[in-house]
Amino acid sequence: MLNQYSRTQLLLGEEGLQKLRNARVALFGLGGVGGYTAEALARSGVGHIDLIDNDTISLTNLNRQILALHSTVGMQKVDVAKMRILDIDPTIEVRTYCTFFLPENAHEFDFSQYDYVIDAIDTVAGKLELIAQAKAAGVPVISCMGTGNKLDPTGFRVADISKTSGCALARIMRKECSKRGLKGVKVVYSPELPVETQSDLPQEAFPEGSSRRALPGSTAFVPGAAGLIMAGAVVQDLCNKER
């Protein structure tokens with residue numbers, strides 16, 4: 001009988017779809033990258049999704065974030081993502097955590113319950129803690145590197161952190177992972193060198209306390225490409241996982 005996952009089943013098979021249906025995935029971060037990751041996980045039929053983010057949707061998110069619409073500005077990203085996921089498939093179990101993940105609150109999450117952990121957050125300290133917690137629990141983890149100030153959506157690839165190049169965030173993460181003995185860290189990154197941002201916006205256009213140099217530029221197509229690639233890696237890994 002045809003259903004909303006029939007076209008996916010042609011590629012992944014019934015067993016693959018069942019593995020996705022049984023899986024519980026934690027997605028940390030629902031910005032330009034994480035929003036598209038959530039979208040693809042839901043449309044792939046992942047049955048249990050935990051969403052972790054404390055941000056609200058702002059006007060400047062409209063250029064690149066799938067959750068951002070004029071109708072959702074000011075709303076919590078986890079709430080918008082949950083509504084969207086349930087509109088795609090009402091049978092998916094969605095749990096939301098309106099919090100920023102930091103080393104200080106890592107104890108609030110039981111990582112052993114997850115089949116996969118996805119890092120789409122921005123802070124180095126948070127990313128390192130996510131990876132460390134997932135590794136300690138024996139749970140697969142994938143981490144997104146920098147997408148700001150990039151223009152080539154075709155440049156993103158999946159690799160071990162030790163094999164990355166050309167990405168400033170990946171360079172920092174590579175060094176810090178090595179210091180902490182974190183090995184076999186799967187990441188999505190692009191070797192594209194950052195584009196120099198334009199300086200023709202007035203200072204009042206930038207958030208209070210920020211500068212033109214500190215605020216990265218972004219497009220509608222680069223973060224989304226990274227998010228979809230990350231979701232694709234997760235779906236394939238879950239389908240190939242032994243029961």
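Student: Is Leu151 buried, partly exposed or exposed, and why?
Tutor: This is a predicted model, and in it Leu151 counts as partly exposed because its relative accessibility is 46%, which falls between the 20% limit for buried and the 50% limit for exposed.

Student: Where is the place of Leu151?
Tutor: Leu151 sits in the loop that runs between strand S5 (141-144) and strand S6 (157-160).

Student: And which residues form a nonpolar patch on the surface with Leu151?
Tutor: Val195 and Phe221 form that patch together with Leu151, and the accessible area of the three together is about 250 Å².

Student: Moving on to Arg157, what is it in contact with, leaving aside neighbours within four places in sequence?
Tutor: Arg157, which lies in strand S6, is in contact with Val187, Val188, Tyr189 and Pro191 once those neighbours are left aside. Arg157 counts as partly exposed because its relative accessibility is 42%.

Student: Where does H1 bend?
Tutor: H1 bends at Leu12, by about 105 degrees.

Student: Then which residues of H1 are buried, and what do they pack against?
Tutor: The buried residues of H1 are Ser6, Gly16, Leu17, Lys19 and Leu20, and they pack against helix H2 (32-44) and helix H6 (222-240).

How values were computed
Residues numbered from 1 in each chain as written. Predicted model: local features only at pLDDT ≥ 70, side-chain atom pairs only at ≥ 80, totals over all residues. Heavy atoms only, no water. Bend = angle between axes of the 7 residues up to and from the residue. Helix = DSSP H or I, 4+ residues; strand = E, 2+ residues; numbered from the N terminus. Buried < 20%, exposed > 50% of the residue type's maximum accessible area, 1.4 Å probe, protein only. Contact = heavy atoms within 4.5 Å. Patch = residues over 30% accessible without salt bridge, like charges linked within 9 Å, V, L, I, M, F, W, Y side chains within 5 Å. Areas by Shrake-Rupley, 256 points an atom, 1.4 Å probe, with all protein chains shown as cover. Salt bridge = Lys/Arg side-chain N within 4 Å of Asp/Glu carboxyl O.
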